Structures are given as structure tokens and as C-alpha cells.
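Subject: Structure for you to look at

Hello,

Here is the structure I said I would pass on. My notes on it follow below.

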Amino acid sequence: MLVFERFAVPGRIGPVSCGFQPGRLTCLLGPNGSGKSSLLAGAAGLLSGEGGVSLDGRRLERYELAELARRRAMLGQQQTMPLGLRGFELLALGAEPIGGVTEAVCLAIADLTEPLGLSGLFERTVSSLSGGEQQRLMIAKAMIQVSPSVNDQARLLLLDEPLASLDWQHQLSVLRVLQQLSRQGLAVAVSIHDINLACHYGDELWCLKQGQLVARGGPEVITSVLIEQVFGVRTRLLEQDGSQVFMPLD
Amino acid sequence: MLALPLQQQQDRQKRWLWGLVLALLFSAALSLHLGAFELGLDALWRELSPLERQVFWQLRLPRTLLAILVGASLALCGAVLQVLLHNPLAEPGLIGISSGASLAAVSTLALGANLELVLPYWSLSLAAFLGAWLVTLALLTLARRQWLGPGQLLLFGVAVGIFANAIMTWLLYLADDASLRTFLFWMMGSLGYGQQLSLWFWLPPVAVLLWLGRQGAKLDLLALGESQAHLLGLNTRRLRPLLVLAVCLLTAFCVAMAGVIGFIGLVVPHLLRLLVGGQQRFLLPASMLAGGCFLTLADIAARQGISSGELPIGAVTATLGAPLFLYLLVRRHAGV
């Protein structure tokens, strides 16, 4: 389990004292600049601040880089696409921390890439792909790094706005695969802007505003009042056949 | 599912590496054979005359080895710089590293001549290294702090090159006849100085070259960007300065031993990337082999091109490389 111990980065995120739990998909919600990326970067060990962050009871800075790479994976918002690399070579880089591509890793890659619609992209040069296709490859690469079926040390998967450049179909497939990975025991945290998708797929939702965690809990914690308070948008909750959707009124 | 394309790619890369080894051996044999005094291929097994022995051991062999070493180093430095700066157009000559090294060495030479000092050869190598180091540090700082974008970094290199050439032209203009020839060597490149090198000069660059050529797996991660490489377990804070140091040492060695020879670092990795893909663990050793082969063949062209002497090797590589550079620049600008 990853635990924030009064973790704070002055000017970016206030003290946070809670954690991402194994077996749960946590969705981070909040307007631009609310601290979602800083929180994820702190959880990955990319950003240090006051307080601390522990994984399985041990501070992140006490881990060797290679050991940490076997336990957590993260995908940030900015991607650099290597020149001339093909899809399958990029995916294989995700397996580097766990000893490279073995037969078991190949099976895990097939399981992960099939639902993300990546099979047709294996032979193509990544720089020639569309933004959404590149994003799906990078998501799959991060998933391979901490796939519980091939990595028994895997604990945490962090994705910063992974759905930003994806079409609707692929947004849903990514969230379904993330849900599956969390069911296999991984703690998964993802920052997301679609409140309805977060409520539908997330086991736990964290709502941030100006660096402060203003709400945390199951989907029921998200209300029209909270949305107006955090995003400044008036909404109405529509219910049909047991499903709930927030509709903007403005 | 993934194992098959990976295996096929590895087999293909192996075939390419063996092909490049054969091409390098062939070009080296051609370089040993051709020249004003032709050595027949039977020289490999028959007893050599004293003159032939002198030509082989004191002229052809050192020159051929220097061509291979300099070509391999420049191509490898180009491939590594393209990852470090995240710019496919980066290479030691174009981004000003060679110019910095050349300017520092020529200035040291001019200062020595002015003060009537006899400078040891290593002082020029040291000056070339410091010049290369200063320009590389400036480039990395500008790239990391994002003060200059990829296109502007190239312009920075071009500006450094123009400035260095301007200063060297001044020094050339003021130099006496004895220094003139040496200055031209630094500015236009030549492999004719290979025979002056003792064994001790070869060992450090060969060691650095072999070390750098084995960093492909780490560079594959670094090519994803610094934070992704860190997240995949690579200690980028330790690796990056080592890579910069190695590139500086090799570029300085090349400039100190053969003057400024441009475009190899651009042409060779780019063509290999187009033909066999961009995996760094393949690209680095392949660039070394192809770079050595390319410069050896360019040197043969420089030696055999005109009957009345020898063309500057820098002019030969620039004639081949500049059109490709322009093509890449236009293609990149057009977003193709």
C-alpha cells in the first residue's frame, strides 16, 4: 500500500495523509492546477516535498531505483517518442525492469494489448502513429511493467490523465483494463477529468481543489454541490435504470 | 504474439551487424591496397620489400586505423547526441562541438606560436577537449532548461560554427607560412597524421568507444525522456554526465587527430534507423561499424579523387552529408 504521510509540496499541494490501497482503482478529480499531477509524481518518487511517501511501509527514497521500478509504474502527461522505434519494441521496454521479454511476458502483453486495440500497431513506427495510438502504447507499456501476472513485486500503477487524447471507445477499454488490474491486487491511481466515468469505474474518488484534498470516498461522495464548489459548474444528477449521470446545466 | 516480431527483428539486426563487419573489413583492405604506391592483395601473405613494408606499416595501416576509429567515434557520438538532446539532427559537427574543439586547439596553437613556445601534442588534445566540453555543457543547459527548442539548438550550433570559423580565419590571416598548413588541417580535416600516433594515443579513445557502444540498452530507456527512464529504473543523474563526458572525449580526440570532419554523425545513424529501426542497442554498434566503413571509403575518395594530391576529407564528407541534412531539415519542417 502507498501511504502519504503529511506529504506536501509548498505552493502545489497541501498536507495529504492517506493512501492508495491495493485492489482499488482510485480516480483523482479536480480542475487544472489543483495538484493531481503533483500528487501522482510524489507517489512515484519523482517529486519530493515535506512529510513523506511510503510504499509497503518503506519510504520511497530508501528504495533502489531498479527495485522501485519493479514495484510501481507511472505514465506522465508529456511523452517523448523515440525515433524509429516500432510498437513492439516500445512495449518491450516496459518489461526491462522485470528482466526483459520472456514467454510469460509475451502472454501478459497479449492479454493487455488485445482489449486496447494495439495488435495492429506492433509493426508500425511509433513516431508515425496518431497521438491517441501513441498514448495507448505508452499506457500498455506502463501496465506491462507492473502486471501482477508476470511481476510478483508489482504494487502500484499511476497514470496522469491517460484518457486525454483517447476516443470514447478506447477511454472505456483503458478503464476496464485498469479495473481488472486493480482486481488482481494492484493499487491503481488515475487522474481523470470525466466525472461520470470516474464515478462509474472508480472504487475510490479523491477530489482536489487548489492543492487541498476536499473530498474522498466512494462514488456517493460526488454530489452536485461538491462539483459546483470544486469546478464552478452547476449540474443536475440524472438517474435511469439504476445509473447516475451528472449533466451540466450552464 | 510479440515474441515473433522481436525474434525476427533480432535476427535481422544480427544479419546487418555481420554485413557491416564484412563491409568494414572490405573497405579497410581497399584502403590498405589503394594509393599513389599500390600494394597488391598478395602483400598479405608474401614477403614485403623494405619500401612496401615502410608504406604499409608507417602510412597505410595507421591511416586506415585512424579512419576507422574517427569514423566510428563520430557516428557513435551523433547517435548518442540525438538521444541526449532529443533531436534527430544533432551531431558533433552541426551543433558546434567540433567547432568549439577546433577553435580551442587552433587558439592554443596560435598562442604557442606567438609566445614562441613549443607545445607538446597532448596540449592541443587537451585544448580540443576543453573546447568540446564547454560547447556541450552550454547545449545541454540550454536544452534542459528549455531556453532553446530543438530547431534553435541547431541554430546555436551553426552560430558557434560561424564564430569559430571567423576567429580561425583571423588567426589564419595573421599566421606565418609554417602555421598555415596546420591551421588548414584543423579547419578542413585530414587523416594524414595517423602515422604520428603512438600506441598510447589509441588506447583511451578505443576504451571510451567500446564503453559508449555498449550503452545501447540504457539509451533505449533514455530515449523515452528523462523521467520515463528514471521510472524504469535508470539512474539518469549518474549516466547523463558520463555520456556527455564520453562524447566530449571522443569528439575532442577526433578533432585533435583528424580536424573537423562533419556530417558522419548525422548520415550514418539516420540511414541505419531508416533501414533497420531505432533500437539503440542495435543502432550504437551498427553506427560504429558503418561510421568506420563510411570514413574509410570517403578517405579513399579523398586520396584517389584528384591526381595532383589529396582532397580535404571534411570536404568529401560534407559533400555527401549536406544534401541529406537539407533533406532531413525540410522533411522535419514539413512534419512529414
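I will start with a pair of helices in chain B. The crossing of α3(B) and α10(B) is right-handed. Please keep in mind throughout that the model is predicted.

Helix α3 of chain B covers residues 97-114 and helix α10 of chain B covers residues 236-258; their axes come within 9 Å and cross at roughly 55°. The two helices are therefore oblique to each other. On the α3(B) side the contact is made by I97(B), S98(B), A101(B), S102(B) and A105(B), and on the α10(B) side by T251(B), A252(B), V255(B) and A256(B). Sorted by class, this contact has six nonpolar residues, three polar ones and no charged ones.

A252(B) turns up again when its own neighbours are listed. Leaving aside residues up to four places away in sequence, A252(B) touches A101(B), S125(B), A128(B), F129(B) and A132(B). A252(B) is also among the residues with the most contacts inside the largest nonpolar core, together with L157(A), V70(B), L76(B), V80(B), A105(B) and A128(B). That core has 177 residues. Helix α2 of chain B, residues 50-84, gives the largest share of the core, with 15 residues.

A second pair in chain B is α11 (residues 264-276) and α12 (residues 280-304), whose axes come within 9 Å and cross at roughly 125°. Here too the helices are therefore oblique to each other, and the crossing of α11(B) and α12(B) is right-handed. From α11(B), the residues I264(B), V268(B), P269(B), L272(B), R273(B) and V276(B) take part. They meet F282(B), L283(B), A286(B), S287(B), A290(B), G291(B), F294(B) and L295(B) in α12(B). This contact divides into 11 nonpolar residues, two polar and one charged.

Two loop residues of chain B have backbone angles to check. F263(B) lies in the loop between α10 and α11 of chain B, and its phi is near 75°, a positive value in a residue other than glycine. F263(B) counts as buried because it has 26 C-beta neighbours inside 10 Å. H86(B), in the loop between α2 and α3 of chain B, has a phi near 50°, again positive in a residue other than glycine. With 19 C-beta neighbours inside 10 Å, H86(B) counts as partly exposed, since a buried residue needs 20 or more.

Now to chain A. α4(A) and helix α5 of chain A (residues 131-145) pack at an angle of about 135°, with their axes 10 Å apart. That makes α4(A) oblique to α5(A). The crossing of α4(A) with α5(A) is right-handed. A108(A), I109(A), L112(A) and T113(A) of α4(A) meet A140(A), M143(A) and I144(A) of α5(A). By class these are six nonpolar residues, one polar and no charged.

Last, the contact between the chains: 28 residues of chain A are in contact with 23 residues of chain B. On chain A, α2 (65-71), β7 (72-75), α3 (87-93) and α4 (103-113) each supply at least two residues of the side that touches chain B. The largest share of that side, five residues, comes from α3(A). The residues on the side of chain A that touches chain B divide into 20 nonpolar, three polar and five charged.

Regards

Notes:
Residues are numbered from 1 along each chain as its sequence is written. Chains are lettered from A and ligands numbered from 1 in the order in which they are written. This is a predicted model: local features need pLDDT of at least 70, side-chain atom pairs count only at pLDDT 80 or more; totals for chains, interfaces and linings use all residues. Two residues are in contact if their C-beta atoms, placed from the backbone, lie within 7 Å. Helices (H or I, at least four residues) and strands (E, at least two) are DSSP runs, numbered from the N terminus. Ala, Val, Leu, Ile, Met, Phe, Trp, Tyr, Cys and Pro count as nonpolar, Asp, Glu, Lys and Arg as charged, and the others, Gly among them, as polar. A nonpolar core is a set of buried Ala, Val, Leu, Ile, Met, Phe, Trp, Tyr and Cys residues joined through C-beta atoms within 7 Å. A residue is buried if 20 or more other C-beta atoms lie within 10 Å of its own, exposed if 12 or fewer, and partly exposed in between; C-beta atoms are placed from the backbone. Axes are lines fitted to C-alpha atoms, for helices over the stretch in contact, and angles run from 0 to 180 degrees between N-to-C directions. Angles under 35 degrees count as roughly parallel, over 145 as roughly antiparallel, 65 to 115 as roughly perpendicular and the rest as oblique. A crossing is left-handed if the near helix is turned anticlockwise from the far one by less than a right angle, and right-handed if clockwise.
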